[in-house]
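Here is a quick briefing for anyone opening this structure for the first time. Have a look at the model, then read on.

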Amino acid sequence: MKPPPPLNYIRSFESSARHLSFTMAAKELGYTQAAVSTHVRSLEHYIGRQLFIRYPRSLKLTEMGEAFLPTLRQALDQIDQATEAIVTSSRNRTVVVSCPMSLAENWLAGCMAAFRKKHPEIEIVLHGTIWEDLSEQIADITISTRRFDDRPPAAIPLWNDELVLLCAPSLLEGDHAVKAPEDILKVDRIFVHGRQEYWQVVATALGVDMQDFDKGLSTNASNIALELAAMGAGLVATQRSLAHAYLRRGLLVEPFPVRPPSPWNYYLTETQLSKGNIARTVREWIIARAQEDSA
């Protein structure tokens with residue numbers, strides 16, 4: 001994969017899109033108008049699509065530009081939040097924990113809430129990430145999700161995760177109920193971008209051939225996939241660690257007791273910013289809770 005585009009290309013595009021003017025963007029960012037225009041053209045060349053329609057005195061976003069902008073704004077907001085987090089973490093009793101948003105919402109939030117009751121003297125900044133590499137360097141403790149063949153060096157696995165097949169209880173009832181493994185071919189499948197292999201692993205475990213089956217919904221977020229499944233939109237194959245809260249509340253059920261090993265897992269690392277005994281206390285708590293919940 002080629003390296004990502006420089007951040008100044010992204011900021012120049014976002015500012016130009018907000019002002020619909022290279023001149024105004026240049027004034028805001030402290031660049032020359034020519035530099036901003038060059039940044040945007042370089043970004044267009046990088047992605048191979050035009051982002052602006054250029055008029056003599058104004059700009060208009062293309063359809064690609066309109067589609068691209070929200071994701072980039074979200075990433076820039078995350079960078080700004082990460083910067084704020086590191087400023088906050090300069091206090092000795094504050095520990096910044098960076099974690100993918102899906103696990104932060106479905107598991108780590110409860111883990112850290114319990115920690116604060118036990119250790120009210122330690123302040124926790126819980127930083128949910130979407131693009132994990134944007135905040136790795138601002139955290140004392142980083143939890144990342146990686147494939148088994150891309151495990152971070154010196155990382156501690158939180159657990160040996162499993163895959164589960166889930167659906168709303170309503171899909172187990174009625175004339176078109178999911179009762180046998182082959183019935184999953186009659187229902188929409190929900191998959192997460194970058195995790196499509198989950199379905200192949202689960203289908204293999206069930207003995208179902210899904211090679212020619214492309215009926216379904218897709219999303220870029222595991223939590224959205226879980227919410228879709230809870231609303232009866234179809235079946236989802238995901239990590240058990242993310243599904244625990246939904247299973248506990250009865251929002252989702254497992255139609256078949258099949259749990260193959262997950263090719264992706266969650267790993268914990270400490271960065272160079274780690275604050276000795278304070279960060280160690282948080283790390284040991286997270287690991288202990290993970291072991292309890294995986295038992």
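**A first look around**

Start with alanine 154, which sits in the loop between strand S5 (141-147) and strand S6 (156-157). Keep in mind that this is a predicted model, where local features need pLDDT of at least 70, side-chain atom pairs count only at pLDDT 80 or more, and totals for chains, interfaces and linings use all residues. Residues are numbered from 1 along each chain as its sequence is written, and side-chain values use heavy atoms, with hydrogens and water left out. Helices (H or I, at least four residues) and strands (E, at least two) are DSSP runs, numbered from the N terminus.

**Loop residues with positive phi**

- Alanine 154 isn't a glycine, yet its phi is positive, near 60°.
- With 80% relative accessibility, alanine 154 counts as exposed (buried means under 20% relative accessible area, exposed over 50%, partly exposed in between, with a 1.4 Å probe and protein chains only).
- Leucine 20, also not a glycine, has a positive phi of about 50°.
- You'll find leucine 20 in the loop between helix H1 (7-19) and H2, and it is partly exposed, at a relative accessible area of 36%.

**Aromatic rings**

- Searching the whole structure turns up five aromatic pairs (rings of Phe, Tyr and Trp, the last by its six-membered ring, pair if their centres lie within 6.5 Å; planes under 30 degrees apart count as stacked, over 60 as edge-to-face and the rest as tilted).
- Phenylalanine 22 and phenylalanine 52 have ring centres 5.9 Å apart and planes at 90°, so this pair is edge-to-face.
- Phenylalanine 22 belongs to helix H2 (residues 22-29) and phenylalanine 52 to strand S1 (residues 52-54), so the pair ties together parts 30 residues apart in sequence.
- Phenylalanine 22 is buried, at 7% relative accessible area, and phenylalanine 52 is buried too, at 0%.
- Ring pairs join Phe13, Phe22, Phe52 and Phe68 into a cluster.

**Two packed helices**

- Helix H5 (residues 101-118) packs with helix H8 (residues 240-248) at an angle of about 45°, their axes 8 Å apart (axes are lines fitted to C-alpha atoms, for helices over the stretch in contact, and angles run from 0 to 180 degrees between N-to-C directions).
- That makes H5 oblique to H8 (under 35 degrees is roughly parallel, over 145 roughly antiparallel, 65 to 115 roughly perpendicular and the rest oblique).
- On the H5 side, Ser102, Leu103 and Asn106 meet Ser241, Leu242, Ala245 and Tyr246 in H8 (contact means heavy atoms within 4.5 Å).
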